[in-house]
Amino acid sequence: MLYPVTNALRFLFEFAWFTFRLQTDYAIIGYENGLVIYMEITIVNQSGEKNWNRYRHDFEMIVERAVQFVNIDPEACLSVIFVNEEQIHEMNRDYRNIDRPTDVISFALHDTQDDYECGEEEEQLGDIFINVAAIRSQAADYGHSLRREVCFLFTHGLLHLLGYDHMHKDEEKIMFQLQDEILDALVKR
């Protein structure tokens, strides 16, 4: 659905006093007729903190590994937006009717029949919003590194963009197993 995503992005860009940083990277997701197929990953830092862009290579590796387990459109792209706790709280309240912050929210664009493009020929999968405060607190709670938590939240959000969910036990089992298969080979617990 376009409406929530459009408003969510507009909401973020209204915070002009935060550092705006946009960086685009590419992950190899396959080969066709001897050519390499890349997926565009755009990173936006709206958190007001530095250093979150340093995980971009990890995101590329996660996407490259994910294509071994799930189907990803070879012309797809996605955005990762780092936000603070207040921003994600407002989005969670406004778009999910849950009045508290959360760790990650994904807005998938493939649910709709409209065409979305983020480059000349790429199809937008959607946006992954990651709460930087949750990265730190959950890494401490689970006893693992910030890198592991950032990568976990990205992987979780990516699977949501690809249509996976955990609302029911059977769905949860599939999604969480995929998360482990994708992530455990790349970033230790």
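So, aspartate 58 touches Arg147 and Cys151, leaving out residues up to four places away in sequence; contact here is heavy atoms within 4.5 Å. This is a predicted model, where local features need pLDDT of at least 70 and side-chain atom pairs count only at pLDDT 80 or more, while totals for chains, interfaces and linings use all residues. Residues are numbered from 1 along each chain as its sequence is written, and side-chain values use heavy atoms, with hydrogens and water left out.

Aspartate 58 sits in helix 2; helices are DSSP runs of H or I, at least four residues, numbered from the N terminus. Is aspartate 58 buried or exposed? With 8% relative accessibility, it counts as buried (buried is under 20% relative accessible area, exposed over 50%, partly exposed in between, with a 1.4 Å probe and protein chains only). Phenylalanine 154 is 96 residues from aspartate 58 in sequence, yet their C-alphas are 9.4 Å apart in space.

Now helix 6, residues 169-183. Met175, Leu178, Gln179, Ile182 and Leu183 are buried there. Looking down the axis of helix 6, the buried residues fall within an arc of 115°, so they line one face; that arc uses directions from the helix axis to the C-beta atoms. Lys169, Asp170 and Lys173, on the other side of helix 6, are exposed. And what covers the buried residues? The cover includes helix 2 (56-66) and helix 5 (146-161).

Note on methods
Helices (H or I, at least four residues) and strands (E, at least two) are DSSP runs, numbered from the N terminus. The expected span of a helix is 1.5 Å times one less than its number of residues.
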